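Dear colleague,

My notes on what was found in it come after that, and I would be glad if you read the two side by side.

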Amino acid sequence: MRYFRHGVYWFVVGLGLTSLAAAARPRAGSATARVERYLRSIRNQPPLLSAFFRRMPKGGDLHNHLTGAIYAETYIHWAAAAGDCVRLADMTAVRPPCGPMDPPIRNALRQSGLYTAILHAWSMLGWNPARESGHDHFFATFDKYSLAHAHHFGDMIAQVAQRAARERLEYLELMDTLDGSVASHLGMQAGWTGNLAQMRRRLMRAGISHAVAAAQARLNRGEVVWQRDLGCGTPQARPGCGVTVRFLYQVIRALPPQAVYAQFLTGFLLARRDARVVGINLVAPEDGYVALHDFHLQMQMLDYLHHRYPQVKIALHAGELNTRLVRPRNLRFHIRQSIELGHASRIGHGVDIMHESHPFQLLREMRRRNVLVEICLTSNWSILGIAGRNHPLPIYLRYHVPVALATDDEGVSRSDMTRQYVRAEREFQLSYATLKQMTRDSLEHAFLPGASLWRAPEDFHPVAACAAGVLGARHPAPACARYLAASPKARLEWKLERRLRRFEARF
Ligand SMILES: [Zn+2]
C-alpha cells in the first residue's frame with residue numbers, strides 16, 4: 001500500500017502499479033479526489049460498492065454476445081409461448097410435437113422443478129464444479145436454448161439496451177452472426193481450394209451478396225421490433241432508446257475453412273456497406289479442435305481480407321485459454337498472431353498473455369499499437385477459473401495497455417456490467433481514476449466512426465477545438481459543437497464526460 005501527500009492512496013498490486021497510479025493521480029480537492037476517498041471508504045463493503053458502481057457512468061460494453069446476454073428466464077418465457085418442448089435427456093429446447101420424454105416448456109411455468117432444471121441447464125446457475133468444468137457447462141448452454149431466440153432478435157436487442165441504460169452504459173457493440181447460416185451454407189457449397197484470392201472471387205460469383213442482404217434484412221426487422229418494444233420515438237420511450245447500439249458480425253471459428261472464409265467475407269462486405277455494423281469478431285471456444293488446428297489459416301484469411309478492405313475494424317477473442325485446456329504450444333502465439341496477422345485492434349480476454357512467447361515485448365507492442373484488451377472478469381472466472389492474482393489485468397495496467405471491462409455473456413453468467421466493476425475493485429483494489437480511465441477507453445476504442453474527443457491515445461486532454469470551457473458542458477463552445485457534430489464517437493465521449501461530472505459532483 002502506498003500513500004500520497006493529499007491522502008489519496010493506491011494499492012500497489014504485487015506487480016507494482018506505481019507508474020500507473022502516478023499517471024492517473026487526481027488533483028487534491030478535485031471532484032475525482034473526493035470520489036476516490038469515498039471509494040476507499042467503502043472498499044470492503046460489497047453492497048455499497050454495488051450501489052456506487054450502479055450509479056457510475058460506464059461508457060460502452062465492447063464485448064457482448066447478444067444471445068448470451070439474455071437471461072434464461074426470458075428464454076423459458078419465449079419458448080413456452082412458442083409451444084416448444086424440452087428434451088429431458090439433455091434439457092435442450094426442441095420443436096413440437098412434445099411427448100413424455102420432451103414435455104412442453106410451458107409446463108415449467110407450473111412445475112418449479114422443471115423450471116429450475118431448465119434454468120440450470122441454460123445458464124451458469126446450475127454449474128456444479130464437482131461434476132463438470134465451468135468451461136463445459138458454459139459452452140453447452142448455447143445449443144440448449146438456441147431454439148428459444150429464433151424469432152426474437154429485436155426483442156433481445158431491446159432487453160440488452162434497456163439493461164444497459166439501467167447500468168448507465170451509453171454504447172453497446174453486440175456480437176451476432178447476422179445472416180444466420182446463409183454465408184456458411186454458401187461457403188460449404190463453394191468448396192475450398194486454399195487460394196484466398198480465388199476463393200473470394202468464387203464466393204462473389206456464388207452470391208455472397210445474398211448473405212449480406214440477409215444480414216441487413218435481419219437488422220431492419222430487428223430494429224423495428226426493438227424500437228417498438230421500448231416505445232422509442234414516443235412520449236413513453238424507455239431509457240434503452242438512448243443507448244447507441246452497433247453490431248459486430250461474428251464468425252464461428254469452429255466451422256470448416258470454406259464456411260469461415262465465407263462468413264469473414266460477409267462480415268467485411270457488410271461492415272463496409274452498413275453503418276450499423278462496425279466490425280467483425282471471431283467466436284466459439286478457442287480451445288476446440290478446429291479453432292486450434294485452423295488458427296493460423298484463419299489469421300491468414302483476415303490478413304488477406306484486411307488488405308482488401310482495410311477500413312473494416314477487427315476485434316478478436318484471443319488468449320481465452322489456460323494451461324489445463326490446451327498444450328503449452330497453443331498458449332504461445334494466439335494474441336500475437338491475432339494482432340500481427342489478424343490485424344485485431346482489440347483483443348477479447350487476453351488471459352494467457354504471460355504464456356505467450358516474449359510476453360513483455362508483446363505487452364509493449366500492444367501499447368505501441370494502442371490495442372485494447374476487453375476484460376471479462378466474471379466470464380474468466382467461471383469459464384477458465386482465473387481471477388484475482390492469477391488474472392493479468394494488473395499486468396496490462398502496469399504496461400499501459402488500454403483495457404475496458406466487458407460482460408461477455410451476462411445472461412448465461414448471470415451478471416451485468418456493475419458486477420464487473422465490483423469484481424475489479426474487490427480483486428485488484430483499483431483507484432477511481434483507473435476505473436474512470438477504463439470507462440473512457442471503452443468509448444475511445446469503440447468501433448463507432450469519427451475522430452476522438454482526446455488529442456492523443458491515453459492522454460485524455462481534449463482536442464484543441466474542445467479545450468476551452470467545461471468538459472462535457474451541455475452547451476459546448478461553437479468550435480467544439482462543430483467538432484462534435486462531425487464525430488459520433490466524440491459526441492458519445494462528450495456525453496460520458498457530462499455524466500461523469502454529474503456523478504462526481506454527488507461526493
Ligand atoms: Zn466472448
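Which residues touch the most other members of the largest nonpolar core? Please keep in mind throughout that this is a predicted model. The core in question has 122 residues, and among these Phe264 and Val403 are the ones that touch the most other members. Helix α11, residues 257-273, supplies the largest share of this core, namely 10 residues. Because domain 1 (72-122) and domain 2 (153-430) both give residues to the core, it lies between them.

For Val403, leaving aside its neighbours within four places in sequence, the contacts are Leu372, Val373, Ile375, Leu393, Tyr396, Leu397, Met438 and Asp441. There is also a second, separate core, which has nine residues and includes Met124, Leu384, Ile386 and Val412. As to the overall division of the chain, it falls into domain 1 (72-122) and domain 2 (153-430), and the C-alpha centres of these domains lie 30 Å apart.

Turning to the sheet, you will find eight strands in an open arrangement with parallel pairing, in the order β3-β6-β7-β8-β9-β10-β11-β12. The edge strands, each pairing on one side only, are β3 (59-65) and β12 (403-405), and from one strand to the next the twist averages 25 degrees.

Helix α20 (residues 432-444) lies across β3, β6, β11 (372-375) and β12, and runs at about 65 degrees to β3. Helix α22 (residues 488-505) packs on the sheet as well, where it touches β3, β6 and β7 (244-252), and its direction makes about 135 degrees with that of β6.

The last point concerns helix α2 (residues 31-41), in which Ala33, Val35, Glu36 and Leu39 are buried. These residues lie on the same side of α2, because they cover an arc of only 160 degrees around the axis.

With best wishes

Note on methods:
Residues are numbered from 1 along each chain as its sequence is written. This is a predicted model: local features need pLDDT of at least 70, side-chain atom pairs count only at pLDDT 80 or more; totals for chains, interfaces and linings use all residues. Domain bounds come from an automatic or database domain assignment. A nonpolar core is a set of buried Ala, Val, Leu, Ile, Met, Phe, Trp, Tyr and Cys residues joined through C-beta atoms within 7 Å. A residue is buried if 20 or more other C-beta atoms lie within 10 Å of its own, exposed if 12 or fewer, and partly exposed in between; C-beta atoms are placed from the backbone. Helices (H or I, at least four residues) and strands (E, at least two) are DSSP runs, numbered from the N terminus. Two residues are in contact if their C-beta atoms, placed from the backbone, lie within 7 Å. Two strands pair if DSSP finds at least two bridges between them. Axes are lines fitted to C-alpha atoms, for helices over the stretch in contact, and angles run from 0 to 180 degrees between N-to-C directions. The arc is that of the directions from the helix axis to the C-beta atoms.
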